[in-house]
Structures are given as structure tokens and as C-alpha cells.
2 protein chains.
Amino acid sequence: MNSLKERIIADGEVLSGNTLKVDSFLNHRIDTGFVLEIGREFKKIFSDCDINKILTIEASGIAVSFATSQSFDFCPVVFAKKGAASNMGPDVYHASLYSYTRRADYEVYVSKKYLNKNDKVLIIDDFLANGDALNALIKICEQAGCELVGCGVVIEKAMQKGGEMLREKGIRVEALARVESMDAEKGIEFC
Amino acid sequence: MNSLKERIIADGEVLSGNTLKVDSFLNHRIDTGFVLEIGREFKKIFSDCDINKILTIEASGIAVSFATSQSFDFCPVVFAKKGAASNMGPDVYHASLYSYTRRADYEVYVSKKYLNKNDKVLIIDDFLANGDALNALIKICEQAGCELVGCGVVIEKAMQKGGEMLREKGIRVEALARVESMDAEKGIEFC
């Protein structure tokens with residue numbers, strides 16, 4: 001998606017610790033018109049797929065998933081919740097993962113009411129690096145017994161191994177921009 | 001908003017501890033078409049207002065804010081982040097609040113880059129009960145020196161004091177459904 005690559009180059013910041021910050025349009029300040037374009041791009045890529053639910057993880061995945069749902073006939077979005085809110089009840093799927101930006105392990109939960117074996121699920125997230133978040137969502141799909149149609153991520157940091165490991169397992173993973181290398185001085189190169 | 005009240009009565013669950021659960025359409029499973037209607041309703045209510053930014057709080061406020069932005073010419077959404085992610089940097093506004101569903105205090109942060117004295121801000125959130133979340137967002141607006149145009153919440157639990165306290169301060173607070181009383185057996189009554 002060329003407009004996305006241009007936007008990453010114009011507005012992205014490369015920080016130490018292999019961090020690419022795109023919080024000016026994607027995950028702190030949200031450029032909603034542009035995120036709707038991202039949603040339409042996911043629809044183009046997965047246009048051959050029968051999907052009735054989008055699964056994501058709070059908080060950064062919600063806006064992109066909301067936009068993508070609008071291109072998939074407003075199919076429901078379910079977002080996995082971090083930590084156990086007191087009102088979630090015991091009937092949940094759950095998986096644990098490590099957040100590199102928050103430097104802590106945490107559990108994510110999805111109520112069993114909202115995901116089941118009849119669902120055909122597209123997982124959507126903002127970033128794919130080591131694959132921890134997608135792996136947690138995939139585990140939740142396995143627990144639900146639903147059909148995982150594929151995973152769509154806005155930005156893949158292809159120099160990290162998450163995407164490769166998932167594709168080796170036979171999971172369809174599509175990224176709208178794949179970063180090959182990045183450096184605060186030399187800039188960002190795409191695959 | 002009658003369709004919202006009907007939806008709350010049909011799908012809402014009243015739990016112990018004064019909790020109203022609407023996670024089947026608003027804040028766990030998201031009915032995106034319906035949430036877009038909610039966004040259009042906020043536009044009707046605040047149609048007389050000049051707004052260039054929507055401020056909300058992760059995670060449940062994001063979908064409603066995204067939808068509302070679409071009715072306000074795609075004005076940017078900024079969501080306050082919970083806890084300090086390692087890549088936020090030191091230039092942030094922040095406020096603390098207590099989460100009743102998570103039973104813990106936490107800090108919320110907004111980068112100074114994305115909110116400033118030239119902004120005319122509409123605060124959007126899913127729930128208003130004791131007003132803790134809105135108060136934190138209002139404090140952040142005060143730190144930024146921006147103009148707070150008003151607050152729009154999907155559901156106000158009017159038997160709690162948050163809305164009353166904010167309105168007494170002269171802040172415009174609009175709720176699409178105001179719950180007067182609720183009981184697991186007797187059901188939900190609106191104001």
C-alpha cells in the first residue's frame with residue numbers, strides 16, 4: 001500500500017530498541033479517513049474470503065478493525081481484553097503474551113459468547129514483530145474451534161521473526177507495509 | 001436515542017455492584033453498524049459546535065470515537081493511553097483515575113504533540129458513572145489549554161453522581177441514554 005509506505009516515511013519515527021512509532025496517525029492520534037483506506041485495502045486483499053468476524057486486541061487494533069469491518073459488510077469486531085476485568089465472568093478463552101512497549105507479561109481474554117466454532121475469523125492488528133499478539137489471538141481461535149481465515153497487519157517489521165514463523169505454520173499473513181530495515185539516521189527501507 | 005435504549009433493554013445485563021454490561025454491541029463485541037449510528041447521533045447533538053478533535057480513552061472509547069469522527073468530517077481522534085508505554089517519551093499530559101471494573105488506580109497519558117491550545121475538543125466515552133474517566137480527560141484538556149466543547153457519552157448511569165457534578169461545573173455533558181435505575185430482576189429504567 002504505497003500511501004501507507006509514504007505516510008510511514010513522512011511521519012514514522014525510528015526509536016532505539018527497534019521501535020517504529022506511528023502514533024501520529026495509527027495508534028495514539030488516529031487519522032480516521034486514512035485508517036478507513038487501510039480497511040478498504042484489507043478488503044481488497046481478503047476479497048476471496050468468507051469472513052463473518054474480525055478479532056483483534058485492545059487498544060491499538062480497535063480502530064483498524066472498526067474500519068475493516070465497514071468494508072466487510074459491518075461484520076462484528078471482537079477485541080481481546082487485557083487483564084481480567086471484574087465483570088468478564090469465568091466463561092472466557094485466554095492466552096498470555098509479552099508487551100515489548102510496556103515491558104510486562106499480561107493475559108488477554110475473549111468471552112466465549114462472542115467466538116465459537118461457526119465463526120470464520122480474520123485477525124487484524126496494527127503491528128507484527130515477534131508475533132506475540134497474533135499468536136495469542138490464534139491460540140484463542142484454537143480454543144474457540146473457529147476457522148482462522150487469515151491475519152492482516154498494517155505494518156510488519158520483517159526483520160523480526162513473527163511473520164516468518166506464522167507463515168511457516170501455514171497461516172495466511174498479509175501486511176500492508178513490510179519494513180526490511182530501519183535506522184534513525186538511514187531511514188526506513190521496505191521489502 | 002430510542003434504538004439505543006431498546007438495544008440496552010434487549011442485550012444489556014445488570015450485574016451486581018451496579019454494573020451494566022453491554023459488551024455484546026459496544027465494548028467487547030462491537031456492532032460496527034450500530035456504533036456508526038451512535039456517531040451520527042453525537043453529530044446531531046453537537047451540530048452547533050465547532051470541533052476539530054475528539055479525545056477519548058483506551059480501549060472502550062475508541063470505536064465510538066472513530067464512528068463519531070466519521071460524522072465530524074473525519075476530525076482526528078486522540079486516545080489517552082493507560083499506563084506509560086516505554087515509547088511515549090516525557091512530553092505528556094497525564095492524570096490518574098480509578099477503574100471500578102479493574103479495581104485499580106492507573107495513570108492515563110496523552111502526548112503533548114497531539115493536543116494543544118488551538119484545539120476545540122469533544123470528549124467521547126462509552127460510559128459515565130462516577131465521572132472518573134471524563135474528569136481525567138478534562139484535566140488533560142486543562143493541561144493542554146484547549147477549548148473543551150463538551151462531553152458525549154453513550155450511556156450515563158444517572159443514579160451515580162458523575163454527570164451531575166460535571167454539569168454543575170458548567171461542562172456540557174450529553175448522554176444518548178440515561179439510566180435512572182437498574183436491577184437484575186426489575187430491569188432497566190431510563191430518565
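## Overall shape

Chain A has 191 residues, and a compact globule of that length would have a radius of gyration near 16 Å; the value for chain A is 16 Å, which agrees. Keep in mind as you read that this is a predicted model. Taken along the principal axes, the box filled by the C-alpha atoms of chain A is roughly 50 × 35 × 35 Å.

Five helices and eleven strands make up the secondary structure elements of chain A. Of its 191 residues, 47% count as buried. Contacts in chain A also reach across the sequence: among those between residues at least 6 apart, 61% join residues at least 24 apart.

## The nonpolar core

In soluble globular proteins, nonpolar side chains tend to be buried together. Here, the largest nonpolar core holds 121 residues. The members that touch the most other members are A:A63, A:L137 and A:I155 in chain A, along with B:A63, B:L137 and B:I155 in chain B.

Leaving aside residues up to four places away in sequence, B:I155 touches B:I8, B:L20, B:V22, B:D126, B:F127, B:A175, B:A177 and B:V179.

## Two copies and their axis

How do the two chains relate to each other?

## Where the chains meet

At the interface, 32 residues of chain B are in contact with 32 residues of chain A. Several elements of chain B each supply at least two residues of the side that touches chain A: β2 (19-21), β3 (29-30), α2 (32-45), α3 (60-71) and β5 (77-82). The largest share comes from α3(B), with five residues. Sorted by class, this side of chain B has 13 nonpolar, eleven polar and eight charged residues.

The copies meet through the same surface, because 100% of the interface residues of chain B are also interface residues in chain A. Strand pairing crosses between the chains as well: strand β3 of chain A, residues 29-30, pairs with β5(B) in the antiparallel sense over two bridges. For one residue pair to look at, take A:R29, whose bridge partner in β5(B) is B:V78.

## Some backbone details

In chain A, the peptide bond that joins A:E58 and A:A59 is cis, with omega about -5°. A:A59 sits in the loop between β4 (53-57) and α3 (60-71) of chain A. Chain B has a cis peptide bond from B:E58 to B:A59, with omega near 0°.

B:D73 is not a glycine, yet its phi is positive, about 55°. B:F74, also a residue other than glycine, has a positive phi near 60°. Are these residues buried or exposed? B:D73 counts as exposed, since it has 11 C-beta neighbours inside 10 Å. B:F74, with 16 other C-beta atoms within 10 Å, is partly exposed.

## Strands toward the end of chain B

Strand β9 (residues 147-157) and strand β10 (residues 173-183) pair in the parallel sense over six bridges. One of the residue pairs is B:V153 with its bridge partner B:A175 in β10(B). B:A175 is also among the residues that B:I155 touches.

β10(B) is joined by four bridges to strand β11 (residues 187-190) of chain B, and these two run antiparallel. Here B:S181 has B:E189 in β11(B) as its bridge partner. Between β10(B) and β11(B) there are three residues, and the two strands form a hairpin.

Methods
Residues are numbered from 1 along each chain as its sequence is written. Chains are lettered from A and ligands numbered from 1 in the order in which they are written. This is a predicted model: local features need pLDDT of at least 70, side-chain atom pairs count only at pLDDT 80 or more; totals for chains, interfaces and linings use all residues. The radius of gyration is taken over C-alpha atoms; the globule rule is 2.2 Å times the number of residues to the power 0.38. A residue is buried if 20 or more other C-beta atoms lie within 10 Å of its own, exposed if 12 or fewer, and partly exposed in between; C-beta atoms are placed from the backbone. Two residues are in contact if their C-beta atoms, placed from the backbone, lie within 7 Å. A nonpolar core is a set of buried Ala, Val, Leu, Ile, Met, Phe, Trp, Tyr and Cys residues joined through C-beta atoms within 7 Å. Ala, Val, Leu, Ile, Met, Phe, Trp, Tyr, Cys and Pro count as nonpolar, Asp, Glu, Lys and Arg as charged, and the others, Gly among them, as polar. Two strands pair if DSSP finds at least two bridges between them.
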